[in-house]
Amino acid sequence: MAGLDEMLGGGFPRGHVVLATGLPGTGKTCLALQFLLSGVAAGEKGLFLSLEEETEALTESARLFGWPVEEALRSGGLSILRLDPKETRGNLHRIQSELPRELRQLGVRRIAVDSVSLLNMLSDDEPSRRATLFALAAACRGAGATTLLTAEADPRHPEVSRDGLSEYVSDGVLLLGYRPAEDGHRVGLSLRILKMRRTAHLRSVQPYVIGPHGLVLDARAVDFGP
Ligand SMILES: Nc1ncnc2c1ncn2[C@@H]1O[C@H](COP(=O)(O)OP(=O)(O)OP(=O)(O)O)[C@@H](O)[C@H]1O
Ligand SMILES: [Mg+2]
């Protein structure tokens, strides 16, 4: 993402599991696709684990953006794995047993999971949610990939994810949120890096827009200090 790499001093650290939390429409799915496609452009295989949108909806929205998702799927640079949230038990079993091997066999360098909020809804209790999240993060790390998880923000406390667990399995947290625009009416978007283990990063609140190239940081930083 233009500008984010600079904020981090050079992109997501390799092998990290990074969480992007945000309210609906803040661009989580868009960021996930963008992350994978920039990997494909650099010759890194990517996997999109989708619990929300169907493969067709994802390719359609990428097509509207003019992004080469279909080409990447055809060339094998990108795969989409759709986990149907209705198949609760099958998915939980798969994540804990087969997924680590599947990811290693695919040889993926980047993984996006959209979203862990839906994944968490598959489990009835917190210990099971925690076990699933840890298994997923371990499978991604075990495959040697860099991972982006997306999560819905809690509408009452938009600085944390709805489940309040995903932050703890992640090495880094990006917060996507709304802010009042300068004209006082329109609502703009802003991004903040809440944490990035083992990395010196900026802590400024950075306005961004969603345009034809996806999420792009506004060059004018709103710096609220460290
Ligand atoms: N093809 C497109 N061209 C321009 N802007 C788009 C396009 N597709 C989506 N957007 C914009 O991106 C915004 C965010 O979309 P996205 O689906 O990534 O949000 P999200 O955070 O995943 O939302 P949700 O929580 O509902 O899944 C949309 O509201 C829309 O304004
Ligand atoms: Mg989405």
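I began with burial: a residue is buried if 20 or more other C-beta atoms lie within 10 Å of its own, exposed if 12 or fewer, and partly exposed in between. The model is predicted, and I kept that in mind for each entry.

**Entry: burial checks**

I looked up E102 first. E102 sits in helix α6. I found 15 C-beta neighbours inside 10 Å, so E102 counts as partly exposed. I then checked its separation from A139.

Next I took G107. G107 belongs to the loop between α6 (99-106) and β4. I noted 13 other C-beta atoms within 10 Å, so G107 is partly exposed. From G107 to E44 I read 9.2 Å, C-alpha to C-alpha, across 63 residues of sequence.

Is V187 buried or exposed? I found V187 in strand β8. V187 has 10 C-beta neighbours inside 10 Å and therefore counts as exposed. I also looked at V187 against V113. They are 74 residues apart along the chain, with 27 Å between their C-alpha atoms.

I went through the backbone angles. R198 is not a glycine, yet I read a positive phi of about 60° there. I placed R198 in the loop between β8 (187-196) and β9 (206-211). R198 has 8 other C-beta atoms within 10 Å, so I logged R198 as exposed.

Which two residues does a cis peptide bond join? I found D114 and S115, with omega at about -5°. S115 falls in the loop between β4 (110-114) and α7 (116-120).

**Entry: helix α8**

I traced α8 over residues 126-142. The helix has 17 residues. From its first C-alpha to its last I read 24 Å, close to the 24 Å expected at 1.5 Å a residue.

I then listed the buried residues of α8: R129, T132, L133, L136, A137, A139 and C140. Why do they line one face of the helix? Seen down the axis of α8, the buried residues fall within an arc of 160°, so they line one face. I recalled the general rule: an α-helix has 3.6 residues a turn, so residues three or four places apart point the same way.

Just after α8 I came to G144, which takes a positive phi of about 75°.

**Entry: nonpolar core**

I turned to the largest nonpolar core, which has 61 residues. Which members touch the most others? I noted L36, F48, A112 and C140. I saw that α2 gives the most to this core, with eight residues.

**Entry: ligand 1**

Last, I looked around ligand 1. I found 14 residues there. Which come nearest? I wrote down P24, K28, T29, C30 and L64.

I asked which helices supply the shell. I found that α2 (28-41) and α3 (55-65) each give at least two residues. I sorted the shell by type as well: five residues are nonpolar, six polar and three charged.

Key
Residues numbered from 1 in each chain as written. Chains lettered and ligands numbered in written order. Predicted model: local features only at pLDDT ≥ 70, side-chain atom pairs only at ≥ 80, totals over all residues. Near = placed C-beta within 6 Å. Helix = DSSP H or I, 4+ residues; strand = E, 2+ residues; numbered from the N terminus. Nonpolar A, V, L, I, M, F, W, Y, C, P; charged D, E, K, R; others polar. Core = buried A, V, L, I, M, F, W, Y, C linked by C-beta atoms within 7 Å. Expected span 1.5 Å × (residues − 1). Arc of directions from axis to C-beta.
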